[in-house]
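Subject: Structure for you to look over

Dear colleague,

I am handing over the structure below, and I would be grateful if you could look through it alongside the notes that follow.

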Amino acid sequence: MKTRSILLLAILLAGNSLFAQQLKRPKLVVGIMVDQMRWDYLYRYYDRYGNTGFKRLLREGFSCEQTMINYVPSVTASGHAAVYTGAGPAVNGIVGNDWYDRRAGKSVYCVYDSAVSTIGGAATAAGGMSPRHLMSTTIGDELRIGTGFQSRVVGIALKDRAAILPAGHGANAAFWYDDATGNFITSTWYMDSLPVWATAFNKAQRAAKYIQQPWKTLYPLASYTASTADDKHYEVPLPGEDKPVFIHQFSKGQDYGLLKYSPLGNTLTLDFAKAAILGYALGSTATDMLCLSFSTPDIAGHSFGPDAIEMEDMYLRLDKELGEFLTWLDRRYGNDYLVFLTADHGAINSPGFLQDHHLPGSAEKIGRAAALNETISRLLGVPKAILSDAGLQLYLDTAAISKAGVPLATVQQLIKAQLKALPGISDVMIAEEMHNGYLPAPFNDMYLNGWHAKRSGDMMVIPAPGVKNGSIMGTTHGTMYPYDTHIPLIWFGWGIKHGVCYRHIGMTDIAATVCALLRIQMPGGSTGKVIEEVMGR
């Protein structure tokens with residue numbers, strides 16, 4: 001009897017000791033997204049990176065080398081939403097940067113919200129944005145719920161959608177850049193007035209100072225051997241410039257939007273991020289989260305393409321700034337912060353570049369709604385069968401087609417025949433065909449993961465590999481191919497052991513893994529799986 005009593009007392013004491021331990025979480029989680037960062041940028045410029053930025057992340061962190069976007073379309077809004085919800089557009093509803101709203105009869109921007117207004121900027125529509133269209137909670141939303149709303153969540157980017165969608169519905173704040181004023185602004189979804197620290201930041205007019213600084217190469221021009229020559233026929237000059245060559249000037253006008261083409265756009269983003277960390281005292285109480293996105297690589301990248309000196313210089317400069325930021329976080333948090341770095345999408349090599357090197361590549365105008373409508377009207381008598389060709393998808397006016405007494409299948413087959421006759425278009429898929437496994441795996445699954453019943457189109461136009469929508473100049477993205485969908489994913493800091501993984505990992509696995517590390521519920525729409533290797537297993 002005495003032995004049993006001692007055993008029971010030992011169990012009770014052990015239980016009390018267990019419950020007395022505090023759950024361990026990092027002080028701060030920093031999610032970093034680099035807009036339009038292809039996976040190969042980690043290694044293409046590796047020999048020129050310093051030791052404190054990308055190399056440090058790879059040297060001390062855990063890299064998931066085969067991380068792929070597992071849905072179509074591979075665009076900015078969808079990528080930021082997928083990383084933080086753990087779901088593709090089929091579930092979170094962000095089927096593109098824009099989509100056609102059948103009920104409203106017009107195109108809808110992913111974060112536009114007529115019910116909110118600008119805070120901190122000019123009286124324009126730039127601040128009329130919110131996460132209202134996002135159909136799932138995010139990591140930050142679940143962190144807030146899981147800590148009784150003690151955790152603070154902040155989103156920051158030059159692009160509104162890149163700040164808003166990661167931060168989620170319940171964020172304390174999301175801030176983005178106003179081209180009209182050079183200020184960071186927000187909307188009434190989050191607050192009634194800017195915090196004192198943000199107002200002070202804007203009053204310092206850093207954007208006005210940065211836009212006066214020309215973009216020169218960090219090193220001698222001849223040393224950029226990982227890139228093509230400076231003046232190529234397939235690069236697009238920046239606004240106000242005659243040729244796409246160094247040195248780039250941004251001070252010809254007072255258009256603050258031009259700063260988004262300069263590497264100093266990244267600098268401004270980091271300046272504001274540090275001000276937010278200090279202003280909100282992030283990490284001082286509960287675990288807080290900063291959702292940080294660098295928009296400039298995408299905005300400049302569309303003009304120059306992946307093989308330009310501008311992109312090499314952009315990443316060499318970003319590497320230095322990331323290194324300085326990590327060192328700054330070291331001083332503030334020691335080992336008590338967690339970072340994950342990834343991208344929203346990659347980019348295709350400029351078709352002009354591919355053609356110069358005898359590689360498969362061309363340009364095609366993918367949608368062609370106006371031309372198709374003219375053909376359908378002439379041959380079948382339906383005046384405007386296609387309502388929109390947004391996002392490589394065709395939205396059909398099924399009511400008008402029915403009213404004209406034309407079978408829907410007849411219209412669909414005519415569209416197919418017209419588009420498939422174009423050399424740059426591989427195929428055209430009807431939504432019903434997608435559900436029956438029309439394409440080989442994994443491509444068919446990517447379309448299923450990206451197709452939302454209420455927001456997506458009736459037909460999907462599929463370009464051939466190496467085909468860019470538009471002209472042979474610059475770059476774009478949005479397809480299912482690896483140049484658009486193979487992205488970096490590196491984990492670093494609190495609880496992360498050095499390592500590398502080469503198995504296939506989906507972009508939607510990121511949220512589940514972050515939530516597992518933080519011991520919180522995964523977002524409501526999450527379909528991803530925990531990356532066990534990151535957990536040390």
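Leu392 sits in the loop between strand E13 (386–388) and strand E14 (393–396), where helices (H or I, at least four residues) and strands (E, at least two) are DSSP runs, numbered from the N terminus. Leu392 has a positive phi of about 60 degrees although it is not a glycine, and Gln205, also not a glycine, has a positive phi of about 55 degrees; Gln205 is found in the loop between helix H8 (196–203) and H9. For background, most residues other than glycine have a negative phi, and most peptide bonds are trans.

Please keep in mind that this is a predicted model, in which local features need pLDDT of at least 70 and side-chain atom pairs count only at pLDDT 80 or more, while totals for chains, interfaces and linings use all residues. Residues are numbered from 1 along each chain as its sequence is written, and side-chain values use heavy atoms, with hydrogens and water left out.

Two peptide bonds also deserve a look. A cis peptide bond joins Phe246 and Ile247, with omega about 5 degrees, and Ile247 lies in the loop between helix H9 (206–210) and H10. The bond from Ala441 to Pro442 is cis as well, with omega near 5 degrees, and Pro442 is placed in the loop between helix H17 (431–435) and helix H18 (443–450). Asn444 is found in helix H18 and is buried, with a relative accessible area of 4%; buried means under 20% relative accessible area, exposed over 50%, and partly exposed in between, with a 1.4 Å probe and protein chains only. Leaving aside neighbours within four places in sequence, Asn444 is in contact (heavy atoms within 4.5 Å) with Met429, Met434, Gly437, Tyr438 and Leu439.

Turning to the chain as a whole, there are 20 helices and 21 strands in the protein chain. The radius of gyration is 25 Å, close to the 24 Å that the globule rule gives for 537 residues, so the chain is as compact as a globular protein of that length; the radius is taken over C-alpha atoms, and the rule is 2.2 Å times the number of residues to the power 0.38. Buried residues make up 59% of the 537 residues, and among contacts between residues at least 6 apart in sequence, 72% join residues at least 24 apart.

Helix H11 (residues 296–304) is mostly covered, since eight of its nine residues are buried. Those buried residues pack against strand E1 (28–34), helix H4 (76–85), helix H10 (264–279), strand E10 (288–294) and helix H12 (309–333), and H11 is followed by Gly305, whose phi is positive, near 85 degrees.

Finally, a nonpolar core is a set of buried Ala, Val, Leu, Ile, Met, Phe, Trp, Tyr and Cys residues joined through side-chain atoms within 4.5 Å. In the largest such core, of 130 residues, Phe54, Ile156, Phe175, Tyr315, Leu329 and Trp491 touch the most other members, and the largest share of this core, 12 residues, comes from H12. Apart from this core lies another, of 22 residues, among them Ile376, Leu392, Leu422 and Ile425. Not counting residues up to four places away in sequence, the residues that Trp491 touches include Phe62, Phe340, Ile510 and Leu517.

With best wishes
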